[in-house]
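Please view the sequence and the structure first.

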Amino acid sequence: MSDDALFEFLCRMGDNTLVLGHRVSEWCGHAPVLEEDIALANTALDLIGQTQMWLGLAGEIEGKGRSADDLAMRRDVWDFRNILLVEQPNGDFGQTMMRQFLFDLWHLEMLKALSGSSHDRVAAIAAKSVKEVQYHVERSGDTVIGLGDGTSESHRRMQAALDLLWPYVGEMFVPDHIDAQMSEAGIAPDPGELRATYDARLAEVMTEATLTIPDSGFAHKGGKSGMRHSEHLGHMLTQMQWLQRAYPDATW
Amino acid sequence: MYAQMVKSEATQEDPEKLATFQARIDAGEKIEPKDWMPAGYRKTLIRQIGQHAHSEIVGQLPEGNWITRAPTLERKAILLAKVQDEAGHGLYLYCAAETLGVSRDELTEMLLDGRMKYSSIFNYPTLTWADMGAVGWLVDGAAIMNQVPLQRTSFGPYSRAMIRICKEESFHQRQGYDIMMKMARGTPEQKRMAQDALNRFWYPSLMMFGPSDKDSVHSAQSMAWKIKMNTNDELRQKFVDQTVPQAEYLGLTVPDETLTWNEEKGGYDFAEPDWKEFFEVIQGNGPCNTERLAARNKAWDDGKWVRDGLLAHAEKRSMRKIAAE
Amino acid sequence: MSSPNSAYPDTPETQTRPKRHEWPLWEVFIRGQHGMSHRHVGSLHAPDEEMAIKNARDVYTRRNEGVSIWVVEARHIAASSPSEKGPLYEPSESKVYRHPTFFDIPDEVGAM
């Protein structure tokens with residue numbers, strides 16, 4: 001296993017939480033009800049904190065003196081390694097919560113596996129994160145159920161959100177050469193192995209939510225490899241990185 | 001302040017009850033929701049706590065404006081946590097108002113259709129990152145000045161909300177000043193941003209305390225009821241006296257050429273803000289009134305299906321539970 | 001909020017205003033540390049008890065304040081009436097012998 005591969009893997013973990021944390025933070029001050037506003041901010045704060053840990057470690061492994069902030073604020077789109085799902089726009093609140101749930105469910109299984117990583121630092125970050133994400137998935141799952149099984153309008157919107165985001169689920173489970181190196185070294189699981197648990201839990205929640213999982217195995221790819229992000233990511237970076245780019249000599 | 005120019009209601013009630021009520025307040029007792037209280041006390045409190053709560057909620061917007069552009073991960077987290085606290089403070093205050101017999105949704109509707117006001121300060125734009133520093137330092141600084149004495153207010157739920165808020169808010173002003181220190185000691189551009197932020201927020205911050213109230217009858221009634229603890233001018237003076245040395249420490253210039261230390265009164269003499277501008281902002285003509293109210297209306301309208309959906313689910317579930325029993 | 005013995009005042013909601021379809025109000029009680037009792041910390045709105053607990057976690061334990069949460073819908077709280085303050089509490093004022101300081105124990109007996 002090379003340090004390059006580990007760096008790549010850590011960027012995947014950190015970019016997922018960075019990009020999703022950013023998206024969720026966009027809700028601050030605009031949520032449907034105060035309690036949700038506060039809850040969304042907690043989720044975003046957890047994700048930003050996890051980003052600092054993953055990208056911090058990535059920078060150390062890389063050994064070129066880049067900090068978590070350098071990685072977050074000074075890389076361009078093609079260097080980002082997050083999955084496409086998390087960079088999708090917020091849409092309405094239902095779409096945001098559906099995206100959150102589809103991610104949280106994978107995230108939890110991933111972190112559980114990483115808690116037993118052969119790499120101590122990876123295991124430690126995962127162990128801390130897993131408690132936060134356990135709560136995320138409970139909350140997003142409950143909300144998906146509540147809105148799916150709510151009014152006819154909320155049901156319609158949640159089904160539309162699931163249909164829209166479903167093609168972005170597959171990417172989480174497709175292994176590549178980085179994953180192969182990680183699982184060989186006992187650092188991370190083969191993502192394909194997480195699918196069975198994910199599907200089982202997903203089916204339970206969607207049944208309770210009275211939503212239908214689309215009958216399609218199609219999956220968009222290109223986020224975690226960095227080959228082809230969606231157009232949305234670039235726009236997000238223009239905001240997120242603007243100050244650091246405009247005033248490169250400043251400290252904040 | 002967060003509650004500016006709250007009109008207090010005249011009261012026509014049984015003089016004996018009124019006297020007992022006033023005696024309780026004078027003795028420092030807390031009034032609790034189910035205790036007898038004059039209708040004017042109740043009305044004034046609903047108005048004041050409501051306006052305070054609305055200010056916290058609208059107050060999320062100017063700072064929320066920079067969350068997605070915060071320059072580092074740590075600054076982003078701190079700012080997000082701070083704005084989240086504002087939402088929490090609004091929530092506590094709405095709950096305090098609800099103990100007086102008005103619902104949160106009703107209060108919200110009155111904010112959204114303009115029947116109730118929020119603090120003038122949140123109608124000013126945040127244009128650079130230094131504004132996050134200035135808002136924390138000046139706006140939260142001014143708010144704390146008012147909120148600390150309000151912990152002793154006569155209405156129990158309001159007092160308890162204020163105690164919780166003050167405890168949480170202690171980090172807000174410090175994080176603002178921390179940003180100002182970084183900016184004021186940073187690159188020439190950062191320093192320029194810091195000075196510019198102080199220039200733009202100085203007078204609007206002074207306006208937060210409201211116009212001079214020494215002649216106001218309403219103010220006297222509210223002070224007798226201990227729902228207003230100090231006069232606007234007292235608090236404004238205290239704020240200036242506290243803030244000027246802090247600006248000097250940063251190496252920034254307060255945008256007031258008349259500012260001078262007055263040895264005799266032991267405080268600064270300073271220029272009044274432009275009260276015409278203040279009344280324009282209150283009337284809806286501030287730089288951001290339209291955007292702020294539009295943003296809150298959009299959040300409320302877009303959120304309706306969510307609130308209805310989750311409630312419908314809860315009702316279905318409890319029906320199913322009853323049916324199963 | 002409108003039962004005669006609720007914790008909050010009866011609201012004139014019935015006469016002048018139609019019943020509103022809002023998320024109900026919940027009272028939140030938090031156990032701050034193991035071994036302590038739950039204390040009332042505030043209120044919030046939620047569609048049902050599960051979301052009320054989750055919301056309480058998000059709203060009232062942002063600074064590590066709790067290890068256990070209770071929620072109860074505000075309208076289910078029965079409260080004593082303020083006018084009964086006298087009869088409810090004053091009788092106990094005369095039972096001074098219930099307090100340990102009522103009894104003088106000589107110093108030489110030691111701590112008791």
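In H5(B), the buried residues are B:Arg104, B:Asp105, B:Glu106, B:Leu107, B:Thr108, B:Met110, B:Leu111 and B:Leu112. Buried means under 20% relative accessible area, exposed means over 50%, and partly exposed lies in between (1.4 Å probe, protein chains only). The model is predicted: local features need pLDDT of at least 70, side-chain atom pairs count only at pLDDT 80 or more, and totals for chains, interfaces and linings use all residues. Residues are numbered from 1 along each chain as its sequence is written, chains are lettered from A and ligands numbered from 1 in the order in which they are written, and side-chain values use heavy atoms, with hydrogens and water left out.

**Helix H5 of chain B**

- Eight of the nine residues of H5(B) are buried, so this helix is largely enclosed by the rest of the structure.
- Helices (H or I, at least four residues) and strands (E, at least two) are DSSP runs, numbered from the N terminus.
- The packing partners of the buried H5(B) residues come from three chains: helix H2 (34-62) of chain A, helix H2 (39-58), H4 and H12 of chain B, and strand E2 (38-45) of chain C.
- Just after H5(B), B:Gly114 has a positive phi of about 85°.

**Interface of chain A and chain B**

- Contact (heavy atoms within 4.5 Å) joins 50 residues of chain A to 47 residues of chain B.
- Chain A and chain B bury about 4000 Å² between them, with 69% of it on carbon and sulfur atoms.
- Buried area is the accessible area (1.4 Å probe) that two parts lose on being put together, summed over both.
- There are three salt bridges between chain A and chain B.
- A salt bridge needs a side-chain nitrogen of Lys or Arg within 4 Å of a carboxyl oxygen of Asp or Glu.
- A:Asp149 and B:Arg320 form a salt bridge, at 3.0 Å from N to O.
- The rule also finds 15 residue pairs in polar contact across the interface of chain A and chain B (both at pLDDT 80 or more).
- A polar contact is a pair of N or O atoms within 3.5 Å; within protein, one must be able to donate a hydrogen and the other to accept it, and residues adjacent in sequence count only if both atoms are side-chain atoms.
- H2(A) gives the largest share of the side of chain A that touches chain B, 12 residues.
- That side of chain A divides into 24 nonpolar, 16 polar and 10 charged residues.
- Ala, Val, Leu, Ile, Met, Phe, Trp, Tyr, Cys and Pro count as nonpolar, Asp, Glu, Lys and Arg as charged, and the others, Gly among them, as polar.

**Interface of chain B and chain C**

- Here 30 residues of chain B are in contact with 30 residues of chain C.
- The two chains bury about 2700 Å² between them, 50% of it on carbon and sulfur atoms.
- Six salt bridges cross the interface of chain B and chain C.
- Seven residue pairs are in polar contact between chain B and chain C (both at pLDDT 80 or more).
- The side of chain B that touches chain C has nine nonpolar, five polar and 16 charged residues.

**Salt bridges**

- The count is 45 salt bridges over all chains.
- C:Arg62 pairs with B:Asp85, with the closest N and O atoms 2.7 Å apart.
- This pair runs from the loop between helix H2 (49-60) and strand E3 (68-73) of chain C to helix H4 of chain B.
- C:Arg62 is buried at 18% relative accessibility, and B:Asp85 is buried at 1%.
- B:Arg317, B:Lys321, C:Asp48, C:Glu49 and C:Glu50 are linked in a network of salt bridges.
- Within that network, B:Arg317 meets C:Asp48, the closest N and O atoms being 3.8 Å apart.
- B:Asp302 and B:Lys298 form a salt bridge, the closest N and O atoms being 2.6 Å apart.
- Both lie in helix H12 of chain B, four residues apart, about one turn of the helix.

**Cysteines**

- The whole structure has zero disulfides (a disulfide is a pair of cysteine sulfur atoms within 2.5 Å).
- The sulfur of A:Cys28 is 17 Å from the closest cysteine sulfur, in B:Cys288, too far for a bond.
- A:Cys28 is buried at 7% relative accessible area, and B:Cys288 is buried at 8%.
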